[in-house]
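These are my notebook entries on a single structure. I set down what I looked up, entry by entry.

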Amino acid sequence: MTDQAMTAEALAEPVVPVRGSWMTWLFLANLGLWLAIYAPIQVLLPQQAELIDAAGKEAVFGLVTGVGALAALVANPLIGLSSDRTTSRFGRRHPWTLAGALLGAVGLLVLSAATSVGAMVIGWCLVQAGLNGMLASLTSAVPDRVPVRQRAKVGGLVGVSQMLGTVLGAIVVTVLVSGLSAGYVACAALVVAGALAFVLITPDARLPLAARPALRWRELWVSPKQHPDFAWAWGAHFMINLGNAFGTLYLLYFLDDVVRHPSPEDGLLVLMLLYGVALAIGAFAVGAHSDRTGRRKPYVLMSAGVMAVAALLLVAWPTWTAALIAAPLLGVGFGGYWAVALALLTQVLPAASDRAKDLGMLNIANALPQVLAPLLTTFVLASLGGYRGLFAVSAIATLCAAVLVTRVRSVA
């Protein structure tokens with residue numbers, strides 16, 4: 001293949017529909033990634049924090065997740081910037097996908113042996129840096145390979161993989177394996193397996209050396225003035241992820257301290273199963289309809305509204321019964337959102353040559369709430385009515401996302 005043909009393959013807007021097999025391998029790679037992130041966040045890290053400091057478990061958990069999210073903030077756009085300029089014979093994205101999975105696995109192994117807060121921080125920072133690098137490269141595969149008319153369908157699969165990773169992660173570390181160390185090791189093995197399969201089986205376009213963009217660090221910044229739709233979409237994505245973080249990060253403690261569930265881990269698993277099934281239904285239904293109509297924003301508004309209702313239900317009625325109703329509502333809403341969000345976000349990217357870097361900036365909207373939510377949650381729980389106040393703030397953040405997405409002009 002000539003340099004000109006390779007450049008066109010790497011940078012041109014894709015027009016050939018991707019096959020089901022390619023979607024399957026992307027789905028499995030994302031599934032392993034999200035399982036390795038959410039199984040620790042939902043189960044392993046809270047349990048480990050309680051073992052190390054039972055009285056200060058919320059503070060330990062907030063410190064570990066907050067510092068780790070800072071590592072994610074740095075890693076995502078930097079690795080995206082690097083992959084946009086990678087001229088390896090193995091492709092632009094695949095080397096970073098595999099390297100990120102391996103670094104994340106190393107961090108999970110560090111956590112499996114951690115007996116102090118400092119070791120937990122180091123391990124989780126390695127996990128977040130590696131897996132967010134993997135996320136940057138996998139997300140970039142969508143605008144690299146998928147035509148616009150297929151993106152909500154693929155976005156739905158990515159959204160399902162995220163939430164199914166949450167559900168399967170909880171099953172793996174509470175049912176299939178026992179003990180913190182075994183749970184971390186299982187997560188490490190699964191994320192590497194998913195990355196290896198995607199890298200070895202799917203193609204990745206090469207970028208000729210002559211077509212590599214110059215490296216300008218100031219280009220990490222995307223000007224809101226020059227690209228307002230990108231800025232509004234970033235804000236909406238940030239707010240909906242902030243609302244989701246408020247509603248889910250401390251769910252295990254909510255079941256334990258407020259609901260008084262006799263087995264909080266089992267209760268969390270039940271909620272995640274309901275959430276995951278509902279999310280899959282919402283993602284596939286909304287994604288297919290969005291691709292048929294070519295419209296994105298109405299589905300974001302609808303999804304945000306459903307998520308807000310789920311949070312407000314727990315404000316009015318913070319019980320186990322309410323949680324059983326709220327979980328599938330939140331799942332339908334978040335699944336519908338993710339189906340159209342990836343399509344909308346890839347349609348407001350400023351330039352094809354910087355897809356991974358710009359998506360890395362958008363992925364900060366996934367990671368930054370993980371920094372802010374633990375810090376703000378401490379204040380909310382103490383000053384705004386405990387968990388009722390926390391779920392109210394979650395609903396407000398989600399509704400703000402709906403307002404912001406209405407300002408996007410270039411996407412219907």
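Predicted model: local features only at pLDDT ≥ 70, side-chain atom pairs only at ≥ 80, totals over all residues.

I number residues from 1 along each chain as its sequence is written, and side-chain values use heavy atoms, with hydrogens and water left out.

**Entry: salt bridges**

I count 7 salt bridges by this rule. I then asked which residue the side chain of Arg 92 meets in a salt bridge. The partner is Asp 144, at 3.5 Å from N to O. Arg 92 lies in the loop between helix 3 (57-84) and helix 4 (94-112), Asp 144 lies in helix 5 (residues 117-145), and the two are 52 residues apart. For helices I use DSSP runs of H or I with at least four residues, numbered from the N terminus (strands would be E runs of at least two). I find Arg 92 and Asp 144 both buried; buried means under 20% relative accessible area, exposed over 50%, and partly exposed in between, with a 1.4 Å probe and protein chains only.

Asp 144 also forms a salt bridge with Arg 93, at 2.7 Å from N to O. Because Asp 144 is in helix 5 and Arg 93 in the loop between helix 3 and helix 4, this pair ties together parts that are 51 residues apart in sequence. Arg 93 is buried, as is Asp 144. Through shared partners, salt bridges join Asp 84, Arg 92, Arg 93 and Asp 144 into one network.

I noted a further salt bridge between Arg 296 and Asp 291, at 3.2 Å from N to O. Both of these residues, Arg 296 and Asp 291, are buried.

**Entry: Gly 80**

I located Gly 80 in helix 3. Gly 80 has a relative accessible area of 1% and is therefore buried.

**Entry: helix 10 against helix 12**

How do the axes of helix 10 (residues 264-293) and helix 12 (residues 320-347) lie, and at what angle do they cross? I find that they come within 6 Å and cross at roughly 35 degrees. The axes are lines fitted to C-alpha atoms over the stretch in contact, and angles run from 0 to 180 degrees between N-to-C directions. The crossing of helix 10 with helix 12 is right-handed, that is, the near helix is turned clockwise from the far one by less than a right angle. In this contact I find 18 nonpolar residues, 7 polar and no charged. Ala, Val, Leu, Ile, Met, Phe, Trp, Tyr, Cys and Pro count as nonpolar, Asp, Glu, Lys and Arg as charged, and the others, Gly among them, as polar.

**Entry: helix 11**

Met 307 is in helix 11. Its relative accessibility is 2%, so Met 307 counts as buried. Met 307 and Ile 240 are 67 residues apart in sequence, and their C-alpha atoms are 9.1 Å apart.

Val 309 is also placed in helix 11 (residues 297-316). Val 309 counts as partly exposed because its relative accessibility is 48%.

**Entry: Arg 260**

I looked up Arg 260 in the loop between helix 9 (251-257) and helix 10. Its phi is near 60 degrees, a positive value in a residue other than glycine. Most residues other than glycine have a negative phi. Arg 260 counts as exposed, since its relative accessibility is 60%.

Note on methods. Salt bridge = Lys/Arg side-chain N within 4 Å of Asp/Glu carboxyl O.
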